[in-house]
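Let's take a walk through a protein model together. Have the picture open while you read, and look up each residue as we get to it.

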Amino acid sequence: MSAGMLSLVVFSGQFDRVHYALAMAAAAAALGRPASLLVTGGAVRAFAADIDGEAGWRALRAADGRTAGLADADYRSHGVAGFEELLSACTELKVRLIACEMALRIAGLDQAALRADLAIEQAGLATFLADASGGITFI
């Protein structure tokens with residue numbers, strides 16, 4: 001029995017939740033399971049190219065209140081893949097990255113505000129749902 005696509009809706013803007021969603025998607029893709037992420041809500045800033053001179057994900061906060069940079073450095077010091085490593089892995093493993101059109105509008109962002117080094121689609125719920133064959137996990 002083969003598993004369907006791993007479809008994740010990443011709504012939370014907490015660094016650790018977005019990080020874990022990327023880790024889940026990369027792991028699924030590494031095992032040959034297609035994966036897609038619909039990044040929406042507060043998480044949409046994780047795909048922004050530049051917020052105040054830094055990658056958008058650095059504007060996120062961890063659940064314990066730490067900045068994303070501090071949490072990321074802590075993760076890496078414990079041998080856990082950093083945020084940039086996970087983004088690269090997702091790109092290399094062909095994880096479908098979708099920035100929710102509605103969330104982008106609410107955040108005042110557009111396609112030009114997204115990172116050009118990542119294959120990020122700007123699409124809506126209908127596009128994501130049409131592709132979600134193995135159920136949906138909400139993060």
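Let's start with phenylalanine 15: at 0% relative accessibility, this residue counts as buried. Keep in mind that what you're looking at is a predicted model.

So what does phenylalanine 15 do in there? One of its partners is tryptophan 57, and the two rings make a tilted aromatic pair, 5.9 Å centre to centre with 35° between the planes. Phenylalanine 15 sits in helix H1 (residues 15-30), while tryptophan 57 is in the loop between strand E2 (35-39) and helix H2 (68-77), so this pair ties together parts that are 42 residues apart in sequence. Phenylalanine 15 and tryptophan 57 are both buried.

Another partner is tyrosine 75. Its ring and that of phenylalanine 15 form a tilted pair too, with 5.6 Å from centre to centre and 45° between the planes. Here helix H1 provides phenylalanine 15 and helix H2 provides tyrosine 75, so the pair ties together parts that are 60 residues apart in sequence. Tyrosine 75 has 19% relative accessibility and counts as buried, because the cut-off for buried is under 20%.

Phe15, Trp57, Tyr75 and Phe83 make up one aromatic cluster, and the whole structure has five aromatic pairs.

In soluble globular proteins, nonpolar side chains tend to be buried together. The largest nonpolar core here has 48 residues, and Leu37 and Trp57 are the ones that touch the most other members. Several elements supply at least two residues each, among them strand E1 (6-10), helix H3 (83-92) and strand E3 (96-100). Which element gives the largest share of this core? That's H1, with eight residues.

Setting aside neighbours within four places in sequence, tryptophan 57 is in contact with residues including Phe15, Arg45, Asp72, Phe83 and Arg115.

Asp72 on that list takes us to the charged side chains. Aspartate 72 forms a salt bridge with arginine 76, and their closest N and O atoms are 3.0 Å apart. Both are in helix H2, four residues apart, which means about one helical turn separates them.

In another one, the side chains of arginine 96 and glutamate 121 meet at 2.6 Å, N to O. This pair links distant parts of the chain, with arginine 96 in strand E3 and glutamate 121 in strand E4, 25 residues apart. Arginine 96 is partly exposed at 22% relative accessibility, and glutamate 121 is partly exposed at 29%. Within it, arginine 66 and aspartate 64 have their closest N and O atoms 2.8 Å apart.

Finally, head for the surface. Met102, Ile106, Leu125, Leu129 and Ile136 make a nonpolar patch of about 520 Å² there. Helix H4 (101-107) and helix H5 (125-131) are the elements that give two or more residues to this patch. Take leucine 125, in helix H5: its relative accessibility is 45%, so leucine 125 counts as partly exposed.

Terms used:
Residues numbered from 1 in each chain as written. Predicted model: local features only at pLDDT ≥ 70, side-chain atom pairs only at ≥ 80, totals over all residues. Heavy atoms only, no water. Patch = residues over 30% accessible without salt bridge, like charges linked within 9 Å, V, L, I, M, F, W, Y side chains within 5 Å. Areas by Shrake-Rupley, 256 points an atom, 1.4 Å probe, with all protein chains shown as cover. Salt bridge = Lys/Arg side-chain N within 4 Å of Asp/Glu carboxyl O. Buried < 20%, exposed > 50% of the residue type's maximum accessible area, 1.4 Å probe, protein only. Phe/Tyr/Trp six-rings, centres within 6.5 Å; stacked < 30°, edge-to-face > 60°. Core = buried A, V, L, I, M, F, W, Y, C linked by side-chain atoms within 4.5 Å. Contact = heavy atoms within 4.5 Å.
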